[in-house]
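Trainee: Could you take me through one part of this model closely? I would like to look at the place where the two chains meet.

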Amino acid sequence: MASTIRVRATLSGETTEVQALIQHPMDSGFVKDAKGEIIPPHFIQQLTFEYDGKSVFAADWGGGVSKDPYVKFSFKGGKKGDDLKVSWIDNKGATDTTTAKIQ
Amino acid sequence: MTITHDGFSATRRLILQGAGAVALIGLGNIAFGLAPALAAANDKYPEDAFKQKSEADAIKALYGKTAEASDKVKLDAPEIAENGAVVPIGVSTTLADVTSISFLVSENPNALVASYKIPAGTVPSVANRIKMAKTSNVIVVVEAGGKLYSATKEVKVTVGGCGG
């Protein structure tokens, strides 16, 4: 199955800029469907980025993050061709992981 | 599922109320020391903070202290968001020793939207997209050197992102 995570890591100078886009409904649990029934909460709770065995960025998310969430950050270091590992886990226990090469 | 989940969390909140902040900080420190075998399970998810209705309670549940406004925290948000379901918000800061950055929306059903951990070596600048129920203040809290600094901006929303 195709990964839910699309990530681009670009080295420029001494920092690596990371942009990630994840496919996820991010239902907050406050929205009702067409029948007036509440759509149960279903959102990513934790998202982590690892480089060289170390965490470089970690997110704790609530239901207030937009559907198909996007996040951008930068870290110092990183080498072209090295792997950046991205993982998430949602409130139902589902997870996904991908690795991207730093460009 | 929704009903049982809510009931559970209400009891849980009562139990946790007293020692909650201390316990969260304690667990966080322990988790940081462990090898990142499964990164997602390493740091405890601050569930209690995400359940709080007001931004003040959420900040207290998350950090156990209050934030002071600082002009060193730059909040990049639109004046008017046409679609409250997708509001691009970014933050950067010139503060040193930043360890975490959190985003809150005061009029959302649960104020806390996202909280990011910034390890040493990571640039204290984050951009993401959040949902806003209606016109509201967006608050960004930056934890730097053990203290909390915040920036606030009102974003007008023409179509809410959390309503039914």
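Mentor: Happy to! Keep in mind that this is a predicted model. Of the 164 residues in chain B, 39% are buried.

Now to the meeting place. Here 34 residues of chain B are in contact with 39 residues of chain A. On the chain B side, α3 (39-42), β6 (112-117) and β7 (125-130) each contribute at least two residues. That side of chain B is made up of 21 nonpolar, nine polar and four charged residues.

Take β6(B): it runs antiparallel to strand β4 (residues 54-61) of chain A, and four bridges join them. You can find A:A59 opposite B:Y116 there.

Then follow β7(B) into an open sheet of six strands, ordered β1(A)-β2(A)-β5(A)-β7(B)-β4(B)-β2(B) with antiparallel pairing. The edges are β1 (5-12) of chain A and β2 (73-76) of chain B; each has a single partner strand, so one side of each is left without a neighbour in the sheet. From one strand to the next, the twist averages 15°.

Within the chain A part of that sheet, strands β2 (residues 15-22) and β5 (residues 70-76) pair in the antiparallel sense over seven bridges. To get your bearings, look for A:Q19, which stands opposite A:K72 in β5(A).

Methods
Residues numbered from 1 in each chain as written. Chains lettered and ligands numbered in written order. Predicted model: local features only at pLDDT ≥ 70, side-chain atom pairs only at ≥ 80, totals over all residues. Buried ≥ 20, exposed ≤ 12 C-beta atoms within 10 Å, placed from the backbone. Contact = placed C-beta atoms within 7 Å. Nonpolar A, V, L, I, M, F, W, Y, C, P; charged D, E, K, R; others polar. Pairing = 2+ DSSP bridges. Axes fitted to C-alpha atoms, helices over the stretch in contact; angles between N-to-C directions.
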